[in-house]
Amino acid sequence: MRHSQPGTSVTVRRSELACPANSLKMMAKAAASQADEVIFDLEDGCAPSQKVAARKTLIEAFGTLDFGGKVRAFRANGIHTKFFYRDVIEVVEAAGQNIDVLVIPKVHDAADVLFADRLLAQIEENMGWTIGRIRLEALIESAKGVLHAEQIAAASLRLSALIFGVVDYASNIGARDPVREQFALYHYPKAKMVAAARAAGIDAIDGVTLQLRDLEQCEHDARSAAQMGFDGKWAIHPDQVAVINRAFTPSPEELTRAKEILEAYEKSDIASAAGAFVYKDEMVDAASLPIERRKLAIARKTGLI
């Protein structure tokens, strides 16, 4: 279990904006966006003929762009491809001090996470860096990945988030429509992934809304994800970021409620040693506190309070 202490060490991942790693222009735009995390993509975002050359462009981006305090990540090609090990070695050795996260696509089981973990550890040791500083995020985007989600989530202390990859998952299971009714069609894999992430004490990030210009669809998906328990959502266009951030940011009313509940719980404990109390006709006990504390932590990190 890797739960942080209440209100501390919270990494805000409301929005993760992905863009191709072979375009310095697009990476610069992502770095200047309001996304909490940017992910430069060597996998699906790059054509096969561009993957090797894109490593140099990616290294340049990590060395020259101003990220404004964002989480800096890149997605390598899949563990099971010929590109993965060179993606990691070349990019991390050259730019690792400016990288926070390696995103692993198409993770099928815990062994995939362990392979990436050990490769990173060897690079960090060789370079004289702190072992474990570069974190991992794992994309769950296959039937195997969903069925092994618990083991994947607990595989490594480096792992900071699971991400649901809806398009690849839909393709893997043979579905016809991966994008419009995500929460009706894919409730089971999404819910299972959230539960696995929570059991391991890591974040859960929902996948993309492919309709780039349909911000109403993006807002619907983001709000559904937040209601389901996800911490954030992938974006594939800068215009989606504000919509996603809004959906995962506590409202003023939510923040007021969180403060009042935490204060009332503390007073109840001191005054009567009661483990539960009534807040506006609602029973509240210790089970309600973590989500209220997290709302306040997000508000602090984003400057709302």
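1. A residue counts as buried when its relative accessible area is under 20%, as exposed when that area is over 50%, and as partly exposed in between. The model discussed here is predicted. With a relative accessible area of 11%, R14 is therefore a buried residue.

2. R14 lies in the segment before β1, the strand of residues 15-20. The side chain of R14 is joined to that of T249 by a polar contact of 2.7 Å. Leaving aside residues up to four places away in sequence, R14 touches D36, D231, G232, K233, I244, N245, F248, T249 and T302.

3. How many disulfides does the structure hold? The count is 0. A disulfide requires two cysteine sulfur atoms within 2.5 Å. For C46, the closest cysteine sulfur belongs to C19 and is 9.4 Å away, so the two are too far apart for a bond. For C218, the closest cysteine sulfur is again in C19, but at 16 Å, which is also too far for a bond. C46 is buried, at 4% relative accessibility, and C218 is buried at 0%.

4. Helix α2 comprises residues 51-64, 14 residues in total, and spans 20 Å from its first C-alpha to its last. That span is close to the 20 Å expected at 1.5 Å a residue. Its buried residues are K51, A54, R55, T57, L58, A61 and F62. An α-helix has 3.6 residues a turn, so residues three or four places apart point the same way. The cover over the buried residues of α2 includes the helices α1 (24-31) and α3 (84-95), together with β2 (37-41) and β3 (71-75).

5. Which residues have the most contacts inside the largest nonpolar core? They are F40, L58, F62, F74, F84, V88 and L162, within a core of 82 residues. Two of these, L58 and F62, are also buried residues of α2.

6. Not counting residues up to four places away in sequence, F84 is in contact with A76, N77, G78, I79, L102, I104, F115, A116 and L119.

7. Strands β9 (residues 276-279) and β10 (residues 282-285) pair in the antiparallel sense, over 4 bridges.

8. Most residues other than glycine have a negative phi. K106, however, has a phi near 50°, a positive value in a residue other than glycine. K106 belongs to the loop between β4 (101-104) and α4 (110-127). Is K106 buried, exposed or partly exposed? At 25% relative accessibility, K106 counts as partly exposed.

9. G128 is located in the loop between α4 and β5 (135-140). With a relative accessible area of 63%, G128 is exposed. The C-alpha atoms of G128 and P290 are separated by 37 Å, and the two residues are 162 residues apart along the chain.

Technical notes: Residues are numbered from 1 along each chain as its sequence is written. This is a predicted model: local features need pLDDT of at least 70, side-chain atom pairs count only at pLDDT 80 or more; totals for chains, interfaces and linings use all residues. Side-chain values use heavy atoms; hydrogens and water are left out. Buried means under 20% relative accessible area, exposed over 50%, partly exposed in between (1.4 Å probe, protein chains only). Helices (H or I, at least four residues) and strands (E, at least two) are DSSP runs, numbered from the N terminus. A polar contact is a pair of N or O atoms within 3.5 Å; within protein, one must be able to donate a hydrogen and the other to accept it, and residues adjacent in sequence count only if both atoms are side-chain atoms. Contact means heavy atoms within 4.5 Å. The expected span of a helix is 1.5 Å times one less than its number of residues. A nonpolar core is a set of buried Ala, Val, Leu, Ile, Met, Phe, Trp, Tyr and Cys residues joined through side-chain atoms within 4.5 Å. Two strands pair if DSSP finds at least two bridges between them.
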